[in-house]
Each structure stands twice: as C-alpha cells, then as structure tokens.
Amino acid sequence: MDLRVPVHDNLTRRRLSFRLAMGARVIREGTTLVDLMRFCSAMGYTLHGAPGNPSQIEAAGALARASGEEAVAFLDLLHWSILIKLWALLPVNEQEFFRSTYALSLEERDSRWPEAVDSHCHLDRWSRRVNFNLDINIWNSMTCMSPLVDIEINLRAVVTNFCDPSTYPDNSLLETLYGVRCFSTIGLHPKGASKYTDADIQKFCMLLERPEEVCFGEVELDHSVPYAEWLGQAILLKRVLSFLKERHVLVLHCRGADGDIHGKEVHMCLLSKVPEPRDFFGYVWDNRM
Ligand SMILES: [Zn+2]
C-alpha cells in the first residue's frame with residue numbers, strides 16, 4: 001500500500017502549522033522548525049542511520065519553501081518516530097486539541113487507512129442491541145459516533161442481512177442504505193421457521209422485487225435447534241428457494257447440530273437443496289466456537 005499523500009499547498013500548510021503548534025507547546029511560542037529539530041536532537045530524538053525517503057524529502061522541500069528554512073535542517077521532523085516522541089510530551093488535553101484541529105482530511109484518510117468491505121452484518125439486530133434508530137437518518141447518526149481509533153478503515157461497502165420479518169426495512173430505508181453503498185439482503189432466518197406467517201412470506205417476496213435488493217438471504221438450515229424443528233426449516237427453505245431469481249446472490253446460513261462440530265450433516269443437506277451452481281455467499285457456524 002502506498003502511504004504517501006500528494007504534496008500540495010493545503011497539506012503543506014497543515015503540516016507546517018501542526019509542527020509550529022507542536023513547537024509552541026513543547027518549547028515556547030515562536031519556535032521554528034529548526035528550533036524544534038534542535039530540541040529533538042538535545043532530547044535524543046534522532047533517527048539512526050535512516051535518511052528520509054523520497055516522499056519525506058519531497059514534503060520537507062515543500063515545508064522549506066513555505067517556512068523559508070533549510071529542509072535538510074529539519075528533515076527528521078517528517079518521520080513518525082520523532083513526531084510520536086514529541087506527541088508523548090503533550091498532556092492529554094493538548095493531544096485532544098491536536099486530534100481535533102488536525103484530523104485527517106478525506107484525501108489523507110483515503111491514502112492512509114486500509115480499505116475494507118463488510119460482507120456480512122445485521123444492522124437491524126445491531127441497532128436494537130445498542131439502542132440505535134435504524135432509519136433514513138442512519139448516515140447522520142453514524143457520523144456522530146466516534147470510531148475506535150485503532151480500527152480506522154475506509155469502509156467501501158457493507159452487506160447487511162435483514163432476515164427477521166419484524167425488522168424488515170421499508171422502501172425509504174432500503175434506498176437510503178443503497179445510497180451509502182450498504183447493500184441489503186432479504187431473507188427468512190431458519191430459526192424462525194415455525195413462526196413465519198403467509199403475510200411474512202408475502203412481505204419477503206415484495207422486498208425481493210425492489211431494485212436495491214441484490215441478495216437473497218440469509219436462508220437455509222440451522223440444526224442447533226431441537227430435531228422436531230428441522231422438518232419445518234426444510235419446508236420453509238424449499239418454499240423460499242422457489243422465489244430465487246437468476247440475478248440474486250444467495251446468502252446461506254448453515255449451522256450444524258450440537259456435537260457435529262464441522263456441520264457435516266447440515267452441509268450434506270445444503271448441497272442437496274441449493275438448486276443449481278450459482279454465485280452464493282455462505283457461512284457456516286463452527287460449533288466449537
Ligand atoms: Zn448472519
């Protein structure tokens with residue numbers, strides 16, 4: 001992954017003001033880059049035999065043009081290991097000042113944070129758990145929540161599974177989620193097989209017709225419930241699979257009975273029931289976990 005951020009005026013100004021503000025706090029107001037570098041040397045904050053890499057040299061050159069100082073005299077101030085030592089000198093409230101004043105720009109996030117796709121989650125169940133409203137304001141609500149700093153990522157897309165009729169999304173929520181690259185699947189979780197009504201199945205079919213609807217599931221078998229419920233799950237599965245269309249990606253839930261640690265029996269059932277070779281995303285619970 002290329003961690004370099006393009007050098008341009010905006011970024012150079014931010015880098016310069018960050019270092020000058022850092023100098024003002026750890027030494028005194030009016031500290032220059034060279035002063036800050038001298039302080040680092042006096043404190044023993046030096047790099048050992050590691051000359052700046054091309055992107056640091058380029059960034060230092062831009063800083064030198066902006067500050068009027070000699071790049072070679074403060075090149076090490078571009079290195080994270082020096083900055084982190086200066087950072088450690090700041091009291092917690094000062095660190096908070098820097099965090100909020102110099103939060104990464106979108107461009108920097110794009111270039112530095114790893115990319116990820118969440119291929120399977122349940123936003124409806126999660127929102128209930130954390131007492132969060134899953135509605136068309138979800139995007140605004142979520143941007144107010146602070147992420148855990150050590151797992152900051154660029155989340156490119158999410159697949160969220162609605163498999164409980166009681167929390168199926170309405171059309172406006174489906175559109176909202178789709179607009180933020182959160183793709184919904186519609187399913188009927190096998191554990192609820194004995195409870196679903198014809199109205200639930202009708203609702204399931206209607207949502208499958210929505211243009212935002214790209215996946216079918218999760219459906220399948222969960223043999224962790226009493227044996228008496230297995231037949232009901234198989235009947236439900238046969239019924240719902242009859243609504244499966246070519247355009248759907250199939251999301252399968254497959255969980256073996258207690259003691260069947262690899263879910264062999266439920267796998268065999270699954271293989272005999274999926275209608276034809278097709279794209280599907282399956283997940284299986286390992287009963288040991
Ligand atoms: Zn799931």
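Arg181 sits in the loop between α9 (171-179) and β3 (182-186), helices being DSSP runs of H or I of at least four residues and strands DSSP runs of E of at least two, all numbered from the N terminus. Its phi is near 60 degrees, a positive value in a residue other than glycine. Arg181 counts as exposed, with 12 C-beta neighbours inside 10 Å. The cut-offs here run on C-beta atoms placed from the backbone: 20 or more others within 10 Å makes a residue buried, 12 or fewer makes it exposed, and anything in between is partly exposed. The model is a predicted one, so local features need pLDDT of at least 70 and side-chain atom pairs count only at pLDDT 80 or more, while totals for chains, interfaces and linings use all residues. Residue numbers start from 1 along each chain as its sequence is written.

Asn131 belongs to the loop between α7 and α8 (138-143). Its 6 C-beta neighbours inside 10 Å put Asn131 in the exposed class. Another backbone feature turns up at Gly217 and Glu218, which are joined by a cis peptide bond with omega at about 5 degrees. Glu218 is part of strand β4 (residues 215-222).

As for the chain as a whole, there are twelve helices and six strands. Of its 289 residues, 24% count as buried. Contacts (C-beta atoms, placed from the backbone, within 7 Å of each other) reach well along the sequence: taking those between residues at least 6 apart, 74% join residues at least 24 apart.

On confidence, the chain averages a pLDDT of 84, and 88% of the residues score at least 70; pLDDT is the predictor's confidence in each residue, from 0 to 100. Among the elements, α2 has the highest mean pLDDT (96) and strand β6 (residues 280-285) the lowest (53). Over residues 1-6 pLDDT stays under 50, and the model has eight contacts beyond four places in sequence for that stretch. Residues 284-289 also stay under 50, with eleven such contacts in the model. Where pLDDT is low, the predicted coordinates should not be read in detail.

Now for helix packing. Two packed helices are described by the angle between their axes and the distance between the axes. Helix α1 (residues 9-26) packs with helix α2 (residues 33-43) at an angle of about 55 degrees, the axes being 9 Å apart. Axes are lines fitted to C-alpha atoms, for helices over the stretch in contact, with angles running from 0 to 180 degrees between N-to-C directions. That makes α1 and α2 oblique to each other, given that angles under 35 degrees count as roughly parallel, over 145 as roughly antiparallel, 65 to 115 as roughly perpendicular and the rest as oblique. The crossing of α1 and α2 is left-handed, meaning that the near helix is turned anticlockwise from the far one by less than a right angle; clockwise would be right-handed. On the α1 side, Arg19, Met22 and Gly23 meet Leu33, Asp35 and Leu36 of α2. The contact of α1 with α2 splits into three nonpolar, one polar and two charged residues, where Ala, Val, Leu, Ile, Met, Phe, Trp, Tyr, Cys and Pro count as nonpolar, Asp, Glu, Lys and Arg as charged, and the others, Gly among them, as polar.

α1 also packs with helix α3 (residues 54-67), at an angle of about 75 degrees and with the axes 9 Å apart. These two helices, α1 and α3, are therefore roughly perpendicular to each other. Here Thr12, Arg13, Arg15 and Leu16 in α1 meet Ala59, Ala62, Leu63, Ala66 and Ser67 in α3. By class, that contact of α1 with α3 has five nonpolar, two polar and two charged residues.

Asp124 lies in helix α7 (residues 123-129) and is buried, with 20 other C-beta atoms within 10 Å. Leaving out residues up to four places away in sequence, Asp124 touches Leu134, Phe162, Asp164 and Thr167. Asp124 and Asp164 are 40 residues apart in sequence, with 8.8 Å from C-alpha to C-alpha.

Strand β5 (residues 249-255) holds Cys254, which counts as buried with 20 C-beta neighbours inside 10 Å. Between the C-alpha atoms of Val249 and Gly217, 32 residues apart along the chain, the separation is 8.4 Å.

Conventions
Two residues are in contact if their C-beta atoms, placed from the backbone, lie within 7 Å.
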